[in-house]
Amino acid sequence: MNLKEEIIKIVQLQEIDSKIYQMQEKKDSKFPIELKTLESEFEQKKLNLSDAEEKLKEMQLKKKDTELELATKEENARKAQGHLYQLKTNKEYQAKLNEINSLKADISVAEEEVLKILDGVDAAKKEVATQKEKLSQDEKAFKDAQGAISNHVKDLDAQIKNLQEKRQQFTDGVDKEIISKYEQLLQTRQGLAVVPVQNSNCRSCHLRVTHQKVNEIKMFDKLVFCENCVRILYIPEDIKL
């Protein structure tokens with residue numbers, strides 16, 4: 001077995017696997033989070049419409065109660081007016097007249113309240129209409145964003161599939177023991193199993209690589225691992241890709 005050639009193969013394989021790992025992360029982490037955020041924002045917008053509709057219902061109920069109260073006051077005023085001419089003494093007449101005036105004042109206040117509530121109902125109706133229109137636009141934007149994410153995922157799936165087919169050409173040609181160790185590190189080291197030594201440091205964890213270890217890498221007698229992150233080390237200048 002020519003170890004130098006095997007290292008070249010797994011370095012090439014690592015380039016493919018890094019792309020796959022990044023795409024898979026994007027597909028499994030980034031896009032689901034974006035989608036969840038979109039869904040949460042859209043649900044909040046739906047709540048805004050629900051709140052506006054609830055406020056309208058409250059205003060309509062208040063209008064109904066106030067109109068009923070006004071009708072009761074008006075009926076009481078009519079009854080009092082009817083009794084007015086049945087009274088025999090000036091004292092009774094004056095008392096009833098005061099009662100009628102008080103009822104008329106209450107009616108006037110109730111009428112003003114009804115007008116205020118009618119304005120509130122109109123405003124609430126306009127707000128509901130505005131929120132419905134806004135929600136319709138938001139729903140379209142939400143579905144467009146959903147569709148875009150879905151298309152991105154499909155595109156990533158296609159790219160990942162192509163890369164996986166490409167990587168198979170490399171894995172088939174790598175020594176079984178080396179590919180086994182590489183695959184193990186790939187799983188336990190977040191998709192990064194092979195890293196270069198640059199400026200005498202491990203490119204992944206930046207640990208200083210000793211001269212002795214650098215010499216071991218250059219000898220191509222065995223795989224050399226970083227003492228800190230345990231990834232396979234290689235020196236770019238010593239291999240031709």
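Reading from the N terminus, the elements of the protein chain follow the order α-α-α-β-β-α-β. That makes four helices and three strands in this predicted model.

Let's turn to the overall dimensions. The C-alpha atoms occupy a box of roughly 130 × 35 × 25 Å along the principal axes. The radius of gyration is 40 Å, whereas a compact globule of 241 residues would come out near 18 Å. Even so, residues 24 or more positions apart make up 71% of the contacts with a separation of 6 or more.

Some whole-chain values are gathered here.

| Property of the protein chain | Value |
|---|---|
| Buried share of the 241 residues | 31% |
| Accessible surface | about 16,000 Å² |
| Share of that surface from carbon and sulfur atoms | 49% |
| Distance between mean positions of the 42 positive and 44 negative charges | 1 Å |

Which residues touch the most other members of the largest nonpolar core? They are I7, I10, Y182 and V194, in a core of 19 residues. At least two residues of this core come from each of α1 (3-84), α3 (176-188) and β3 (232-234). The biggest contribution is that of α1, which supplies six residues.

Leaving aside residues up to four places away in sequence, Y182 touches I10, L13, Q14 and D17, along with R167, A193 and V194. Two of these partners, I10 and V194, are named with Y182 among the core residues that touch the most other members.

Methods:
Residues are numbered from 1 along each chain as its sequence is written. This is a predicted model: local features need pLDDT of at least 70, side-chain atom pairs count only at pLDDT 80 or more; totals for chains, interfaces and linings use all residues. Side-chain values use heavy atoms; hydrogens and water are left out. A nonpolar core is a set of buried Ala, Val, Leu, Ile, Met, Phe, Trp, Tyr and Cys residues joined through side-chain atoms within 4.5 Å. Buried means under 20% relative accessible area, exposed over 50%, partly exposed in between (1.4 Å probe, protein chains only). Contact means heavy atoms within 4.5 Å. The radius of gyration is taken over C-alpha atoms; the globule rule is 2.2 Å times the number of residues to the power 0.38. Accessible areas come from the Shrake-Rupley method with a 1.4 Å probe; for residues, only the protein chains shown count as cover. Lys and Arg count as positive and Asp and Glu as negative; His and the chain ends are not counted. The place of a charge is taken as NZ of Lys, CZ of Arg, CG of Asp or CD of Glu.
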